Amino acid sequence: MPLRTIDLGCGDAKVAGTIGYDRRPLPGVDVVGDARVLPFLSDSLDAIFCHHVLEHFTRADGAAILRECHRTLRSG
């Protein structure tokens, strides 16, 4: 079974083989949305890439994003 991985805040340079997720519709972005409320089921993702993203948010928003990452990532 292929891994289900997203590149959160990918911009126009998403990691190959991932689902590109960003708040802006750029080339390579597959899903446009708010990182504080990810549209994925709980325990449904194998990995999340999140490079140079959290520093662009307030502390409260960053905490919400990390909660969503924890919720959507599979155990283990």
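**Thr72 and its surroundings**

Modeller: A polar atom in the side chain of Thr72 lies 2.9 Å from the backbone oxygen of Glu68, a polar contact in the sense of a pair of N or O atoms within 3.5 Å, where within protein one atom must be able to donate a hydrogen and the other to accept it, and where residues adjacent in sequence count only if both atoms are side-chain atoms. Before going further, please keep in mind that this is a predicted model, in which local features need pLDDT of at least 70 and side-chain atom pairs count only at pLDDT 80 or more, while totals for chains, interfaces and linings use all residues. Residues are numbered from 1 along each chain as its sequence is written, and side-chain values use heavy atoms, with hydrogens and water left out.

Thr72 belongs to helix 1, where helices (H or I, at least four residues) and strands (E, at least two) are DSSP runs numbered from the N terminus. With a relative accessible area of 0%, Thr72 is buried; buried means under 20% relative accessible area, exposed over 50%, and partly exposed in between, with a 1.4 Å probe and protein chains only. Once its neighbours within four places in sequence are set aside, Thr72 is in contact (heavy atoms within 4.5 Å) with Leu38, Phe40, Leu41, Ser42, Asp43, Ser44, Leu45 and Ile48.

Ser44 sits in the loop between strand 3 (31–32) and strand 4 (47–49), and it counts as buried because its relative accessibility is 8%. The side chain of Ser44 reaches the backbone oxygen of Leu41 at 2.5 Å, and, apart from neighbours within four places in sequence, Ser44 contacts Arg4 and Arg74 as well as Thr72. Asp43 is found in the loop between strand 3 and strand 4 too, but there the relative accessible area is 44%, so Asp43 is partly exposed. The phi of Asp43 is positive, about 55°, although this residue is not a glycine.

Four strands form an open sheet in the order 3-2-1-4, with parallel pairing, and two strands pair if DSSP finds at least two bridges between them. Strand 3 and strand 4 stand at the edges with a single partner strand each, and therefore one side of each has no neighbour in the sheet. In general, strands of a sheet pair through backbone hydrogen bonds, either parallel or antiparallel.

Strand 1 and strand 4 run parallel and are joined by three bridges. Three bridges also join strand 1 (residues 5–8) to strand 2 (residues 19–22), again in parallel. Along that pairing, Ile6 stands opposite Ile19, Asp7 opposite Gly20, and Leu8 has Tyr21 as its bridge partner. Both faces of strand 1 are covered, with Thr5 and Asp7 on one side and Ile6 and Leu8 on the other all buried. Further across, strand 2 is joined to strand 3 by two bridges, running parallel, and Asp22 stands opposite Val32 there.

The loops give a contrast in exposure. Asp12, in the loop between strand 1 and strand 2, is exposed, with a relative accessible area of 60%. Not counting residues up to four places away in sequence, Asp12 touches Leu26 and Pro27, and although Asp12 and Pro27 are 15 residues apart in sequence, their C-alpha atoms are 5.4 Å apart. His52, in the loop between strand 4 and helix 1 (59–72), counts as exposed because its relative accessibility is 67%, and its phi is near 55°, a positive value in a residue other than glycine.
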